[in-house]
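Let's take a walk through it together, starting with a pocket and then heading for the core.

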Amino acid sequence: MPSLGLQTDLMFSRYSGVVEDVGRYVVITTPSNPNYYFGNYLLLKTPPRADQWTDLELDFARYVGAPPRIKHFAFQWRVSDEEDGADMSGFMQRGYEYMECAVLTAKQSALSEPQKINAEVNVRMLQSEKDWRAWYELELQERDVDQPMEEYVAFLQGVRDMYRSMIVAGRGNWFGAFQQGELVGSVGLFFDERIGRFQNVLTKSSHRSRGICHALVYAIAKAGFDRADILVMVADENYHAARIYESLGFQPSERQASLCRRNEGERKWGKDSGEEASKPE
């Protein structure tokens, strides 16, 4: 069965960049946004071995790029049922960050209304330049503190332009949760034929644990089934966001994993398959 997580990842890559199968790997590049880690990576067809980092880094430089333009290494693959306990020690000793994400899916019949709806939140599409400025400021405010500001700004501006271009092209939309006129949460939903993929669920840190994430995701999912037969979320298995999505009817269907490292050895996690780096509550 094809991976719905990786399939919908590539929806964004094909729109804004280049996807090329070179045999051993699928090469993803986004020339307009070199700071987009998971817009510039190698999609592996088999999981890496613990001692394989040298070959992978050489191939990454060959196919994706190297400093000064590309300042990271990033690899992603689907996790098989037999892969539990895979040894990533060789990579982690070199400063790589390893992440496993659950791919969660829902059909309309499984969607569950939150037990408690936050009645103070108004969920609607981002409509104006003011809305998009609020989105940009929220993303900057809630970014990982390990992310260098200059590089993150370049990354964020690039993905913002990609999302807005996709919206103009009719591929999806971005939504906000507003409380007394303030943007306190946001999420994107984009479509590949009859599949919908959520992007970057985010709740303002000062407004978490108030049911905003539940209300936002439920409202957008409910509307999304007008256009999709199945909706896809990708969430860090070790983060509580996955439990929020499961409470709304999303169920784990597969797993995918990734390795990422800055060339300089600094820690930075720039993955925007959305939910994966999100802070929903």
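**From a pocket to the core**

Sort the lining of the second largest pocket by class, and you get four nonpolar, two polar and six charged residues. Keep in mind as you look that this is a predicted model. The pocket itself has a volume of about 190 Å³. Among the residues that line it are Arg124, Lys130, Asp131, Glu137, Glu182 and Lys204, along with Ala134, Leu138, Phe178 and Leu183. Gln141 and Gly181 belong to the lining too.

Which elements give two or more residues to this lining? They are α4 (129-141) and β8. Of these, α4 gives the most, with six residues.

Now for the inside. In soluble globular proteins, nonpolar side chains tend to be buried together. Here, the largest nonpolar core has 31 residues, and the ones touching the most other members are Phe198, Val217, Leu231, Met233, Tyr245 and Phe250. The most comes from α6, with seven residues.

Setting aside neighbours within four places in sequence, Val217 is in contact with Phe198, Val201, Met233, Tyr245, Leu248 and Phe250.

There's also a second, separate core, made of 22 residues. Leu126, Tyr152, Val159 and Leu183 are among its members.

Methods: Residues numbered from 1 in each chain as written. Predicted model: local features only at pLDDT ≥ 70, side-chain atom pairs only at ≥ 80, totals over all residues. Heavy atoms only, no water. Core = buried A, V, L, I, M, F, W, Y, C linked by side-chain atoms within 4.5 Å. Buried < 20%, exposed > 50% of the residue type's maximum accessible area, 1.4 Å probe, protein only. Helix = DSSP H or I, 4+ residues; strand = E, 2+ residues; numbered from the N terminus. Contact = heavy atoms within 4.5 Å. 1 Å grid on protein atoms, 1.4 Å probe; cavity = no way out; pocket = protein on both sides within 12 Å on 5 of 7 lines; lining within 4 Å. Points joined across faces, edges and corners; volume = space filled by probe spheres on them. Nonpolar A, V, L, I, M, F, W, Y, C, P; charged D, E, K, R; others polar.
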